Amino acid sequence: MKEPEFMMYPKHEKIPHVVHRNADSFFSTSSGFTNYRGLLNLCMILLILSNARLFLENIIKYGILIDPSIWMNMYLKDPESWPNILLLLSINIFILIAYVTEIFLEKSWLSDNMGIAISIVNNIVLLVYPATVVFLFHPNPIFSVNTLGIVTVIFLKLVSYACVNNWCRSHRKNRTLIRRKTISVSDETSNSSSNKANGKVETKLCYPDNLTLSDLYYFIFAPTLCYELNFPRSARIRKRFLLKRILEMLFLCQLMLGLVQQWIIPTINNSMQPLADMNISKVVERLLKLAIPNHFIWLIFFYWFFHSCLNVLAELLRFGDREFYRDWWNAETVTDFWKSWNIPVHRWATRHLYKPMLRRGISKIKAAIAVFFVSAFFHEYLMSIPLHMFRTWAFTSMVMQVPLAIVTAKFLSGKGGNIVVWLTLILGQPVAILAYVHDYYVRNVGTLHDQTFSIN
């Protein structure tokens, strides 16, 4: 039977190549396709457009509320804010006590037990004294939170300073006296290639040569919580890099303050009536409305503090270790998030809490829970005292991370675990904010009706 003409090919032409093969659709996991960059760009565009609409709606409804000068005027015109400056200056007393204690211990003018007792008392008073002043004199809560935050940082640094020097004394007792060693940077594999090229000579400090005020204050200002006798140092100060980070600091700080004025405060004010009436549907709606700007500000704060601010400090001090955070946005469990989003705190907790407890025979799970409880205490310390109310919302939210971490590690992994981490970040903070605002007005005003939140 002769084939139809439309199916016949000239003899000099080859039959076309086969176009079909066994293949899965791109959205099937078995296809191995992973490049969704275009869809990610689409999501970014939709996110920008939706938030732009909300921001425009906010401006149309409330007008321009941003006033960059209000924060400085609030501080200068409010005499109750000045105790915070006096508290920050008085921190030097506790630093000097820690320094003198280490000098006396090195010269054997104090016994080890007496030195440990003095350090413990000094650090406890460092926490209690500023908290008492803030609680009694009622300075502005916004500035009080920052003051107590600095106090907490100094407390953690002094604990690390005392522990490391104690380790050095124990090491010296078990071995011959450690002498100062001069080591050429060009002979060290750990130093940068630029240092190797110019063959500089660095002096490595050994105990007790590190017991100087300049060494202690370098550690106090350095962007780390863990003390070492010899910190890694960069070769020079990069002026262009430093200028970029300073400009970021200034711009992002004003951006965060402006978003708080324009977006957060009106949303909180509109939440007062639903909270007073306990209108659950309205409260949930306000919660979701608050979640977007709050999380946006939180992300900006992360970049502003952990990248811009800490890098400015590191660059000015030529501090070489710039690993202030890791890829916490890819965390698949709550535990991974807390290990990677704040590296200075994680290193301190691991070095001075977690590992010492393991060496004492405490199980890993109990040691991890203890670390969460210590973190919960400091979160509550920074919230309850400036607000003059003890509702334990911050403490409870941190403690609840323990069962959540266990559940995500055991039952959720990969994308599911990462989604849970993001949901806790996006929704957890607005819940805490509304809880504290509710209790603050109930305690100070007695009712939420017809009340508005103000930064003045």
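**Rings, helices and backbone in a predicted model**

Good morning. In this chain, the count comes to 30 aromatic pairs. The rule is that rings of Phe, Tyr and Trp (its six-membered ring) pair if their centres lie within 6.5 Å; planes under 30 degrees apart count as stacked, over 60 as edge-to-face and the rest as tilted.

A word on the basis of these values. The model is predicted, and local features need pLDDT of at least 70, side-chain atom pairs count only at pLDDT 80 or more, while totals for chains, interfaces and linings use all residues. Residues are numbered from 1 along each chain as its sequence is written, and side-chain values use heavy atoms, with hydrogens and water left out.

Let us take one of the aromatic pairs. A pair of aromatic rings is described by the distance of the centres and the angle of the planes. Y218 and F231 form a tilted pair, 6.1 Å centre to centre with 40° between the planes. Helices (H or I, at least four residues) and strands (E, at least two) are DSSP runs, numbered from the N terminus. Are Y218 and F231 buried or exposed? Both are buried, where buried means under 20% relative accessible area, exposed over 50%, and partly exposed in between (1.4 Å probe, protein chains only).

Rings may also have a charge over them, counted if NZ of Lys or CZ of Arg is within 6 Å of the ring centre and within 35 degrees of the ring normal. K157 lies over the face of F219 at 4.6 Å from the ring centre, and R238 lies over the face of F241 at 4.2 Å.

I turn to the whole chain. It has 15 helices and two strands, and 38% of its 456 residues count as buried.

How do helices α4 and α12 pack? Helix α4 (residues 112–137) and helix α12 (residues 364–387) meet at an angle of about 25°, their axes 9 Å apart. Axes are lines fitted to C-alpha atoms, for helices over the stretch in contact, and angles run from 0 to 180 degrees between N-to-C directions. The helices are therefore roughly parallel; angles under 35 degrees count as such, over 145 as roughly antiparallel, 65 to 115 as roughly perpendicular and the rest as oblique. On α4 the contact is made by L127, A131, V134 and F135, and on α12 by F378, Y381, I385 and P386. Contact means heavy atoms within 4.5 Å.

Helix α4 also holds S119, which is buried at 16% relative accessible area. Apart from residues up to four places away in sequence, S119 touches T101 and A162.

A405 sits in helix α14 (residues 401–411) and is buried, at 6%. Beyond its neighbours within four places in sequence, A405 is in contact with V334 and T335.

Lastly, the backbone. Most residues other than glycine have a negative phi, and most peptide bonds are trans. Where does the chain depart from this? The peptide bond from Y207 to P208 is cis, with omega near 10°. R318 has a positive phi near 55° and is partly exposed, with a relative accessible area of 28%. H388 has a positive phi near 60°; at 8% relative accessibility, H388 is buried, in the loop between α12 and α13 (393–399).

Thank you.
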